[in-house]
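Reader: I've got a structure open and I'd like to learn how to read its helices. Can we go through them together?

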Amino acid sequence: MTETLNALQYLVDENPILQHPLLVSFADLRKSQVKSWAREQYYLSLSFADTLAILFARVPFTYVAEKRQLADMFYTEVRGGNDLYSHEAEFAAMASFLELNLEQLQQERPKTHTQQFIDDRLALCSQKPIAQSLAAMALGNEYLNLSIFKSYRDGIPKISGLASCPLGYFDAHLRDEYDDFKIMDAAFQKVSSGLDNGVERAVRKLLEIRTHYFDALWEDLK
């Protein structure tokens, strides 16, 4: 049986992105800066379902159970606010507190660096071998998010004016991301012949893409 992606978690645990100024100094932002961060985060969240659709389509139909799990993840993302505990509904509660108009954002576009990250993430999911795409997303998105959203959650209450900000959006990620990692890992094990160098390179590539995005976002927020 193919090794699980647990063996590559060190690629995230030891990556410098965990010490990025955006995460380390998130609590030092002003409320207005958090509102700007949330605006871009909205587009990242909204576009995540597209990556799941691509992964679902690329996993061979013979792996029915794994495809169904990916489909369940996709459905959870797109049905959003219909579930009061979904990421989308929890984000809406935070956006309301920050006085961020989501209907207006739907008519606008993300900033250039956000759109670039969205495009790069989609390209990684569609253009690399499916095993590499699944590994990159499992580790460089889902597993990494456990650290990212902990930093956000720890920082928000320390910011002036945000002591009462709803934290459900962050809690939802901390609740769900490891289970989502396992779903992608299960699909990876079906389509992969092992943890080869190509898989490691794909994970590192998504971490690099995320780091470049954080660099640009941090400069923009400052």
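**Reading packed helices**

Author: Let's start with a crossing: H3 passes H8 in a left-handed crossing, meaning the near helix is turned anticlockwise from the far one by less than a right angle (clockwise would be right-handed). Before we go on, this is a predicted model, where local features need pLDDT of at least 70, side-chain atom pairs count only at pLDDT 80 or more, and totals for chains, interfaces and linings use all residues. Residues are numbered from 1 along each chain as its sequence is written, and side-chain values use heavy atoms, with hydrogens and water left out.

Reader: At what angle do H3 and H8 pack, and how far apart are their axes?

Author: Two packed helices are described by the angle between their axes and the distance between the axes. Here H3 (residues 31-58) and H8 (residues 130-155) pack at about 155°, with axes 12 Å apart. That makes H3 roughly antiparallel to H8 (the label for angles over 145 degrees; under 35 is roughly parallel, 65 to 115 roughly perpendicular, and the rest oblique).

Reader: Which residues of H3 meet H8?

Author: On the H3 side they are Trp37, Gln41, Phe48, Thr51, Leu55 and Arg58. Contact means heavy atoms within 4.5 Å.

Reader: And which residues of H7 are buried?

Author: Buried means under 20% relative accessible area, exposed over 50%, and partly exposed in between (1.4 Å probe, protein chains only). In H7 (residues 112-127), the buried ones are His113, Thr114, Gln115, Phe117, Ile118, Arg121, Leu124 and Cys125. They pack against H3, H8 and H10 (197-221).

Reader: How do the axes of H7 and H10 cross?

Author: They come within 9 Å and cross at roughly 175°. That makes H7 roughly antiparallel to H10. Residues making the contact include Phe117 and Leu124 of H7, along with Leu206 and Tyr213 of H10.

Reader: What about H8 and H9, where do their axes come to?

Author: The axes of H8 and H9 (residues 168-191) come within 8 Å and cross at roughly 165°, so H8 and H9 are roughly antiparallel to each other. This crossing, with H8 passing H9, is left-handed.

Reader: One last thing: what is the phi of Glu99?

Author: Most residues other than glycine have a negative phi. Glu99 has a positive phi of about 60°, although it is not a glycine. You'll find Glu99 in the loop between H5 (87-97) and H6 (102-106). Glu99 is exposed, at 63% relative accessible area.

Methods:
Axes are lines fitted to C-alpha atoms, for helices over the stretch in contact, and angles run from 0 to 180 degrees between N-to-C directions. Helices (H or I, at least four residues) and strands (E, at least two) are DSSP runs, numbered from the N terminus. The expected span of a helix is 1.5 Å times one less than its number of residues.
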